[in-house]
Amino acid sequence: MNELLRALDASDGSALLAAAEDIHYADLAHLYENLDDEKRDLLLKTIGPELATDVVAELPYPLIEGALNHFKPAQLRVLLGNLSDDDRVDVFQVVSEEAQVRFFSLLGPRDKELTRNLLKYEEDTAGGRMTTHVGRITADMTVKQAITVLRRDREDAETLARIFVVDAQGRLVGKVRLRDLAFSTWDTPIHDIMEEADETILASADQEEAARILSKYDLIVLPVVDEFHHLLGVLTYDDALEILQEESTEDIEKLSGIGGEQSEVSYLNTSVVEQYQRRVSWLIGLAFLSVVSGYVMFRFSAVLEKAFVLSLFLPMVVAAGGNSGGQAATMVIRAMTLGEIKTGNALRIAWKEARTGILLGLTLGVTMAVFISFILPHIQRGTGADFDFLHLAFAVSSALIVQVLSATVLGALLPICARAIKLDPAVVSAPSLASTVDISGMMIYFTTVGAILHLH
């Protein structure tokens with residue numbers, strides 16, 4: 001890498017090409033992202049369209065159109081033709097409409113047809129992520145005929161670890177392993193050695209579901225079919241890794257209240273304006289929700305005036321609810337992501353989390369009661385009100401138990417409700433849960449302690 005950087009600094013084309021050929025294309029893509037425009041142009045023009053094909057496929061989406069614009073039409077024709085069909089579709093999905101038209105005119109007839117067909121599917125579906133380059137044979141072939149076909153198509157196939165068997169209409173009927181072909185006699189019929197293709201996914205299904213199936217059943221490839229079970233293409237395990245990385249990043253960002261489209265560009269190369277735009281809307285919304293929290297405190301100011309010692313435990317009760325609610329939301333979101341629970345399980349989940357919340361609340365309540373009854377008197381001489389520490393302990397502990405119970409159930413149900421109305425559970429859960437629990441926690445606290453200590 002150091003040699004390549006020195007060659008770039010010296011604008012030494014021959015040294016640059018020699019160094020680039022020894023570097024993995026993923027590392028070249030990472031390097032490209034951190035170069036200025038002049039060095040990006042030099043790098044791409046030096047390595048040429050053949051070597052740049054894999055580099056472009058690895059670039060963050062916002063940088064792809066700019067990278068392709070460095071090449072002349074004849075070079076672009078080579079580069080676009082060399083891209084795998086799924087990578088080519090990814091390119092067309094992220095460039096401008098003007099660039100789409102220009103790039104499409106450079107494709108050959110077969111690539112145009114493949115690209116047009118794949119562009120029918122949304123980017124985040126199995127069909128949008130699949131490749132049509134798949135080992136494909138028919139059930140009426142013999143082993144010899146199948147190997148002849150696979151030998152002809154071996155350069156185009158994404159993988160030959162699994163070879164899929166179709167009927168005369170192109171419907172998926174089974175699969176065979178390459179080793180099954182290798183160790184069978186030439187005249188063995190394919191239908192005698194093929195296995196049933198148990199796991200498939202519709203092209204219109206969400207990409208996250210496809211990745212979950214690949215992971216759950218430990219598959220190398222997953223066949224993608226249409227509603228009539230025609231084999232359209234496959235998703236591979238490396239597609240699953242990409243999808244899971246994208247989805248986990250998206251969930252983490254949404255749990256933190258970051259909106260907008262997920263950025264493919266690295267953190268240091270993302271502009272301040274883009275960071276601002278993605279983060280400001282939730283902050284404004286949550287700021288107004290916090291005003292509601294302030295109003296609740298103002299509404300119950302009379303309770304604090306009668307017993308200011310209660311202010312000591314307000315942050316703890318509110319925070320305990322936020323923490324327990326956040327834990328419940330995280331557990332439920334993870335289970336939903338893994339397909340372990342569905343929206344129809346809402347009552348079972350609520351009952352399960354209610355029992356968990358009671359246990360957590362009792363544990364925290366007893367702990368806090370011990371602290372207030374036996375430790376706080378050594379720190380604070382009196383409560384400053386018409387009740388003693390034992391009554392204070394009972395009131396605070398009761399409020400804590402109710403807060404933890406309600407927050408835990410709320411944290412579990414919010415993601416399920418979000419999924420039921422077609423919202424991303426991660427968007428709703430963390431930012432809105434924190435503010436909701438703050439407001440409800442204050443109301444629970446002041447209402448409970450006020451009633452027990454007769455402060456209303």
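User: Which residues of helix 14 are buried?

Analyst: Quick ground rules for this predicted model: local features need pLDDT of at least 70, side-chain atom pairs count only at pLDDT 80 or more, and totals for chains, interfaces and linings use all residues. Residues are numbered from 1 along each chain as its sequence is written, and side-chain values use heavy atoms, with hydrogens and water left out. Helices (H or I, at least four residues) and strands (E, at least two) are DSSP runs, numbered from the N terminus. Buried means under 20% relative accessible area, exposed over 50%, partly exposed in between (1.4 Å probe, protein chains only). An α-helix has 3.6 residues a turn, so residues three or four places apart point the same way. Here the buried ones are Gln207, Glu208, Ala210, Ala211, Ile213 and Leu214.

User: What caps the N-terminal end of helix 14?

Analyst: That's Asp206: one of its side-chain oxygens lies 2.8 Å from the backbone nitrogen of Glu208. After the helix comes Asp218, with a positive phi near 55 degrees.

User: In what order do the strands of the open sheet run?

Analyst: First, the pairing rule: two strands pair if DSSP finds at least two bridges between them. This open sheet has three strands in the order 4-5-6, with mixed pairing. Its edges are strand 4 (201–202) and strand 6 (231–236), each pairing on one side only. Strand 4 runs parallel to strand 5 (residues 221–225) over two bridges, and Ile201 stands opposite Val224 of strand 5. Helix 14 (residues 207–216) packs on this sheet, touching strand 4, strand 5 and strand 6. Touching, or contact, means heavy atoms within 4.5 Å.

User: Is Thr236 buried or exposed?

Analyst: Thr236 lies in strand 6 and is buried, with a relative accessible area of 2%.

User: Why is strand 2 called largely enclosed by the rest of the structure?

Analyst: Look at burial along the strand: four of the five residues of strand 2 (residues 162–166) are buried, so the rest of the structure largely encloses it. Three bridges join strand 2 to strand 1 (residues 136–138) in parallel, with Ile137 partnered by Val165. Another five bridges join strand 2 to strand 3 (residues 172–177), running antiparallel; there, Phe164 has Lys175 as its bridge partner. The hairpin of strand 2 and strand 3 has five residues between the strands, and Gly170 takes a positive phi near 85 degrees.

Key:
Axes fitted to C-alpha atoms, helices over the stretch in contact; angles between N-to-C directions. Polar contact = N/O pair within 3.5 Å; in protein donor to acceptor, adjacent residues only side chain to side chain.
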